[in-house]
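Hi,

Here is the model I promised to pass on.

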Amino acid sequence: MDAALLEQMLLGALLALSVYLPLRCGQLSLATPGFYAVGGYVAALLSTGVPAFAGSGATSPLPALLAEMVLGGALAGLIALAIGGPVLRLRGIYLAIATIALVEILRVLNLNLPFTGGAMGIFGIPQPFAHAEGYVLFTLALLALACWLCQRLEALRLGRAMAAIRDDELAAACVGIDTPRTKLIAFVASAVLAGVTGALAAHFFNSWNARAGSFDASITTLAFVVFGGSRLWPGPVLGGLVLTALPELLRPVGDLRLILFGAVILLGPLFFPQGLVTAERLHWLAARLGRGRHRGRQAPQAP
Amino acid sequence: MDLLQILVNGLSVGAVYGLFALGYTLVFSVLGVINFAHGAVFTLGAYFTYLLIGGAVGANGLLAGFQLPFALPFWGALPLAGLGAALVALLVERVAFRPLRRRRADPLLALITSLGAGVILVNLIQLLVGAESYAIPTGALGGLPASFPLLGARVRTVQALLLGIAVLLLALLTLWLEGSRNGKGLQAVAEDAETAQLLGIDSAAMVRLAFGLSGFLAGVAGGLVGLSVSIAGPYFGIGYGLKGLAVLVLGGLGSVPGAVLGGLIVGLAEAFVPADWSGYKDAVSYGFLFLVLLLRPRGLLGRPLPTKV
Amino acid sequence: MSVGRLLGVGTGLLTLTLLAGCATDPGSQPVDVAGGVPVGAVLALTGNANVYGQDQKIGLELALQHRNGAGGINGNPLKLALEDSGSDEPGANAAFTLQINRGVLALIGPTLSQQAFSADPIAQRRGVPVVAPSNTATGIPEIGFFISRVSAQSSVIAPLAIERALKIQPGLKRAAVFYAQDDAYSTAETTIFQKALKEKGLDPVTVQRTQLNDQDFQNQISAALREKPDLIVLSLQAVDGGNLIRQLRELGYKGLIVAGNGMNTPNIYPICQKYCDGLLIAQAYSPELDTPANMAFLKAFQAAKGGAIPPQLTAQAYTALQVIGDALVRLDKRQPLKGATLTAARKALMEEILAGTYATPLGEIRFTPEGEVIQTQFFVAQVRMDPGGRSGRFALLK
């Protein structure tokens with residue numbers, strides 16, 4: 001395992017969390033790759049076009065990267081805010097398809113706008129870190145922050161409102177939850193996370209083009225969440241890590257690589273319909289580990 | 001004259017979209033999910049047609065040099081290729097859909113399992129016959145001219161055939177759905193699977209029927225499109241998957257005439273994009289889809305769907 | 001232990017193990033030539049560019065046989081590790097990193113220009129020579145010292161092909177241009193074609209944009225034919241270009257068609273079939289080039305593939321490995337690879353690659369100090385299809 005692959009896995013985990021956020025309140029949005037692409041373009045354009053962002057040293061300045069991530073996330077969030085209202089009135093598969101259409105529209109715009117570099121995209125993006133290890137540590141911090149926020153959410157009113165909408169939207173509305181607003185918050189948060197991830201990824205991949213946000217990517221990121229489990233945040237994180245690494249780890253089988261990868265995607269949901277991570281499995285694991293140190297303690301509370 | 005040419009172009013492209021979406025919509029109508037392996041089944045239909053008319057496998061796959069001991073005329077090969085594709089679709093149902101249904105799992109999971117089945121099929125094709133293109137010879141239609149004039153516009157014969165066959169299949173399918181026992185059973189299951197079961201309709205058999213039909217349509221469409229534009233490798237049908245989604249929603253999820261109508265509309269919408277803006281062609285059809293979804297979420301011909309989705 | 005804390009601790013432990021297990025850069029270690037001299041290739045063997053990778057793979061295999069049949073690198077065989085990049089950027093990056101960590105002396109690939117803009121900077125930063133067999137976008141050798149290519153841009157060929165068309169039909173006035181706007185090769189080449197047309201006083205009467213995965217071009221064709229063109233210039237790949245030609249002919253276009261490098265492959269035969277006949281192709285490789293290097297390549301290819309004609313991509317991939325092999329032989333004679341550190345050997349190899357002149361199937365080639373290929377021979381060929389339209393040849397126009 002090399003640091004570069006680890007970095008790709010961590011980016012996969014972040015994207016999976018972005019798909020997870022709307023799903024947490026029952027909304028199947030596949031718009032993540034579109035926002036990811038937008039965030040990446042913001043970083044690519046700023047760092048190649050504005051001298052202050054590129055810096056003058058061997059590596060581009062870290063504050064510039066942070067600023068790009070903020071701006072990329074903000075632009076993605078604004079787009080989500082603008083379209084979220086009407087789009088989130090759609091349910092289930094209709095919402096999924098509308099968001100796929102959104103990704104496709106953004107892709108075509110990215111390909112045609114006069115400043116996004118056409119098919120070639122933007123290349124020669126400066127590096128904020130000299131080695132992949134630097135990216136890994138930075139992304140790990142970002143992922144930890146995202147996970148911590150997801151964990152915090154469980155305890156907040158907002159998190160409980162989201163869970164209530166997922167279980168029964170009508171009932172949630174009846175007990176006074178502002179369902180449109182809650183759904184919009186989840187959608188915008190998802191977009192911001194995808195935009196921030198894209199800004200970081202544009203540097204890591206050295207170049208950025210319209211292929212970053214495609215239909216294929218929509219389905220792949222959904223697979224991360226379904227595979228890992230969509231009820232608890234560790235599910236998408238695990239799914240993103242595992243499914244990003246899998247094609248690389250399967251290299252020794254040569255020509256059969258993608259056939260086996262397809263088989264894993266096919267069989268995963270059949271054997272683990274709830275995903276790899278479920279509350280029961282976490283409790284079991286926590287109990288097993290806890291028993292060693294704190295014998296006789298009660299079973300832990302659900303997160 | 002220009003207007004007519006644009007209409008002709010749009011309709012002929014739309015016919016392909018419509019044919020593709022017909023199969024999508026059949027499965028959606030009974031299960032309420034999208035079968036992402038549909039594009040791969042479509043691709044297989046094209047390869048089956050190629051083999052049945054006596055084509056030989058190229059030099060790059062495990063089956064290098066393979067050729068069937070017989071060669072059928074195109075019109076004989078096409079329905080057989082459809083049957084072959086139907087068998088594959090049934091297999092996809094068996095491994096990617098039925099186990100989920102039996103466990104009463106979230107139908108959303110079928111998006112992923114069918115995607116897995118599609119990935120397997122596409123890469124299996126590449127392993128067996130390589131990535132190169134294969135031709136269904138232009139001569140397969142016998143002595144028909146390559147194109148003919150129509151009131152000042154020019155129409156490719158293959159495209160006119162595609163449009164004709166799409167409309168014919170739609171008519172047959174509608175007649176069958178309305179007029180036969182199985183057709184009515186299928187509709188009943190599409191309406192409400194549990195009630196249909198109570199009425200003594202074997203809903204599992206109806207699901208198989210939907211997959212078989214969807215596979216047959218995909219196979220025939222694949223063979224015809226292969227005749228029109230050759231078989232451009234294992235990813236041949238995948239490109240239609242995304243367009244098919246737009247068509248499916250536009251026409252109304254689960255509506256059979258809607259699929260054909262949606263296809264023609266998307267084809268026409270694309271044809272009316274001015275040449276200078278052709279880069280935005282795909283965005284136009286998706287923008288259109290977006291608007292239709294927001295204004296009329298059920299699509300143009302969709303009935304109010306039960307909340308099973 | 002609470003579930004939250006468990007997850008925190010678990011993540012931390014996982015990270016530490018992963019980081020500890022990270023491969024260290026092998027650059028400071030000596031070159032490992034025990035099992036052969038290690039060279040890597042990264043090709044798009046899966047994904048929607050799979051047909052290019054498949055053609056390139058054959059070229060590499062033949063070049064490897066040729067080099068090792070001629071004694072390898074001064075008695076030690078050349079060892080080629082081939083990895084699939086998929087057809088996307090993350091796949092190319094992962095495969096490049098994997099190969100570099102394996103300790104290869106040089107890399108061939110990746111297949112697509114977009115992948116090159118993403119993966120080449122990694123090789124540049126880590127000082128690993130890259131010889132690109134198929135990247136034609138502007139700006140590839142400029143990525144850095146370690147990046148070179150054997151795939152010439154069309155700057156020289158495009159004007160040649162236009163000149164040839166004018167020679168065949170001197171009265172040409174109305175040129176129509178087509179290109180795939182989402183394909184890096186197409187967009188780069190059409191710029192060159194359009195410039196060449198303007199220089200000949202043939203301002204395009206219409207420029208039509210298509211998409212790489214389009215299969216139906218009747219809209220663009222109707223729009224173009226309305227302008228009554230007498231010359232059509234295509235910068236497209238085999239599948240979309242082949243279909244466009246077929247539909248142009250079926251819809252009644254009778255004039256000349258000129259196509260670029262992307263269609264210089266027999267893969268167009270099954271697509272445009274009998275309608276391929278008469279197509280003028282600007283070639284960076286001619287199967288009919290009469291030199292010993294090309295004859296040897298052609299013979300090996302036809303023996304392996306039942307008499308077929310090699311595509312340009314196959315010849316260019318063959319050339320890429322030949323360049324690395326030849327340079328390694330010279331370098332190893334001057335200062336033996338055995339015992340040198342990997343970093344030093346990679347740098348010396350890059351200098352050697354750039355310094356040499358090579359007799360390849362593409363004709364004689366060398367490099368600019370930047371790593372751009374200088375190819376001395378370019379060709380214009382006309383497609384001649386057999387009766388029945390199943391197969392044909394690229395007849396060299398002299």
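This is a predicted model: local features need pLDDT of at least 70, side-chain atom pairs count only at pLDDT 80 or more; totals for chains, interfaces and linings use all residues.

Residues are numbered from 1 along each chain as its sequence is written, and chains are lettered from A and ligands numbered from 1 in the order in which they are written.

Let's start where chains A and B meet. The contact takes 34 residues from chain A and 37 residues from chain B, where two residues are in contact if their C-beta atoms, placed from the backbone, lie within 7 Å. On the chain A side, the elements that give two or more residues are helix H5 (92-112), helix H10 (215-228) and helix H12 (257-271). Helices (H or I, at least four residues) and strands (E, at least two) are DSSP runs, numbered from the N terminus. H5(A) has the largest share of that side, with 14 residues. By type, the chain A side divides into 28 nonpolar, three polar and three charged residues; here Ala, Val, Leu, Ile, Met, Phe, Trp, Tyr, Cys and Pro count as nonpolar, Asp, Glu, Lys and Arg as charged, and the others, Gly among them, as polar.

Buried means 20 or more other C-beta atoms within 10 Å of a residue's own, with C-beta atoms placed from the backbone.

An open sheet of five strands runs in the order S2-S1-S3-S4-S5 (chain C), with parallel pairing; strands pair if DSSP finds at least two bridges between them. Strand S2 (78-84) and strand S5 (147-149) of chain C are the edges, each pairing on one side only. Strand S4 (residues 130-132) of chain C pairs with S5(C) over three bridges, and Val130(C) has Ile147(C) as its bridge partner in S5(C).

Two helices of chain C go with this sheet. Helix H2 (residues 50-69) of chain C lies across strand S1 (37-43), S2 and strand S3 (107-108) of chain C, at about 170° to S2(C). Helix H3 (residues 89-102) of chain C packs on the sheet, touching S1, S2 and S3 of chain C, and makes about 175° with S1(C). Axes are lines fitted to C-alpha atoms, for helices over the stretch in contact, and angles run from 0 to 180 degrees between N-to-C directions.

Finally, the whole chains. Chain B has eleven helices and two strands, spans about 55 × 50 × 35 Å along its principal axes (C-alpha trace), and has 59% of its 309 residues buried. Chain C has twelve helices and 15 strands, its C-alpha trace spans about 75 × 60 × 40 Å along its principal axes, and 61% of its 398 residues count as buried.

Cheers

Terms used
A residue is buried if 20 or more other C-beta atoms lie within 10 Å of its own, exposed if 12 or fewer, and partly exposed in between; C-beta atoms are placed from the backbone.
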